[in-house]
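Student: I have not seen this structure before. Could you walk me through it?

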Amino acid sequence: MQRPDLPVTRRYRQLLDDKNIDCIVAAVPDHWHRQIVVDAVSAGKDIYCEKPMSHSPADGVAMVEAAKKSGRIVQIGSQRVSSQICAKAKDLISQGTLGDLMLVEGWLGRNSPTGAWEYPPPPDLSPRNLDWDTWQGTVPKRPFDPYVFARWRCWKEYGTGVAGDLLVHLVSGMMFMTGLNQAPTQAMAVGGIRRWKDGRNMPDVHTVQYYYGDLPVSMRLNLGTATQETYRFHGAKGLLEVTGSSVTFSPQSGKDESPSYYAGSFPQPLREAYFKKWHEEHDPKIGQAPMTETISFSGPDYDEISPHLWNFFEAVRSRKPVVEDAVFGANAALACHMANDSYFRRSAVTA
């Protein structure tokens with residue numbers, strides 16, 4: 001419960017001037033992230049900033065430089081990196097359980113007005129109780145609109161669309177589980193405004209094909225059909241599936257389980273000889289046929305918000321590194337910017 005004597009202010013710089021405040025939590029629209037993070041670290045404050053870290057690639061560069069120059073702690077709020085489920089998947093991948101990684105897939109879908117950011121503005125919202133000009137910041141000014149205020153994620157001037165709201169979770173989770181703390185080398189996106197034709201200028205369906213070095217990564221977002229958030233890591237030794245509360249590994253031998261069908265085109269004597277030799281070399285002894293074992297782990301449903309904030313507050317106290325610093329956050333956000341850039345250009349983009 002909020003304390004009745006808790007001080008409040010409409011000007012965040014008053015918090016930065018307060019020597020009794022050690023850290024800041026920034027829960028603001030994307031277009032304000034750079035300014036507040038740079039101001040906070042420059043004032044000697046540690047800061048936790050919601051995802052995506054940046055509103056543009058240039059913003060990300062400036063934020064990383066400010067964090068490094070100041071030496072302050074910056075934690076970005078893509079909370080998959082604090083998930084026990086994702087940590088288990090990370091362990092399995094790093095131990096070589098999958099063998100060589102072939103492909104990574106991720107998807108997430110919603111099917112409701114709230115899931116598509118059709119938030120109801122507060123009924124009393126007006127310029128009398130909202131500093132509309134300050135909230136707009138440096139973007140081109142527009143007349144007061146309570147729906148833009150409540151649903152800012154729908155417009156690229158303030159947000160980063162489904163990429164910055166949802167894709168960033170898939171990308172940051174993938175980066176954490178694979179250990180790929182880097183930006184994509186290439187992105188190719190398609191999508192459109194297919195369900196929510198409400199004046200928004202960001203797509204509600206967005207699918208992206210990435211290259212992370214030479215690793216293909218495929219991500220799909222959809223605000224018109226509900227699908228459980230899921231990852232699939234395809235490896236030479238099997239398939240790893242990760243959901244909000246489970247990790248399942250299904251091993252694969254990578255070997256022929258029966259004689260090759262191609263031998264069906266051989267002349268009969270050669271075909272029979274091939275089959276005979278194959279069975280002699282590959283058939284298990286009676287009663288010793290191998291049994292395939294699928295491994296599954298269950299846990300709390302991501303359980304990421306409290307652990308992620310706790311990691312930040314502990315880092316503020318101990319000065320130890322956080323689990324998702326500005327470099328990681330910038331790399332995850334850049335993947336989202338590339339997805340948006342490719343969507344609007346209708347062509348592939350490179351980092």
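Tutor: A network of salt bridges links Lys51, Arg110, Arg153 and Asp165. A salt bridge here is a side-chain nitrogen of Lys or Arg within 4 Å of a carboxyl oxygen of Asp or Glu. This is a predicted model, in which local features need pLDDT of at least 70, side-chain atom pairs count only at pLDDT 80 or more, and totals for chains, interfaces and linings use all residues. Residues are numbered from 1 along each chain as its sequence is written, and side-chain values use heavy atoms, with hydrogens and water left out.

Student: How many salt bridges does the structure hold?

Tutor: The structure holds 16. One of them joins the side chains of Glu229 and Arg80, at 2.9 Å from N to O. This pair links distant parts of the chain, 149 residues apart: Glu229 is in strand S8 (residues 227–235), and Arg80 is in the loop between strand S3 (74–77) and helix H4 (84–94). Helices (H or I, at least four residues) and strands (E, at least two) are DSSP runs, numbered from the N terminus.

Student: Are Glu229 and Arg80 buried or exposed?

Tutor: Both Glu229 and Arg80 are buried. Buried means under 20% relative accessible area, exposed means over 50%, and partly exposed lies in between (1.4 Å probe, protein chains only).

Student: What about Asp341 and Arg345, where do they lie?

Tutor: Both are in helix H10 (residues 326–345), four residues apart, which is about one turn of the helix. Asp341 counts as partly exposed because its relative accessible area is 31%, whereas Arg345, at 56%, counts as exposed.

Student: Changing topic, why does Ser218 count as buried?

Tutor: Ser218 counts as buried because its relative accessibility is 9%. Its place is in strand S7 (residues 215–222).

Student: And which residues does Ser218 touch?

Tutor: Leaving out residues up to four places away in sequence, Ser218 touches Val104, Glu105, Gly106, Val208 and Gln209. Contact means heavy atoms within 4.5 Å.

Student: Where does Ala263 lie?

Tutor: Ala263 is in the loop between strand S10 (246–251) and helix H8 (268–282). With a relative accessibility of 2%, Ala263 counts as buried. Apart from neighbours within four places in sequence, Ala263 is in contact with Arg271, Tyr274 and Phe275.

Student: What separates the C-alpha atoms of Ala263 and Asp198?

Tutor: A distance of 59 Å separates those C-alpha atoms, and the two residues are 65 residues apart along the chain.
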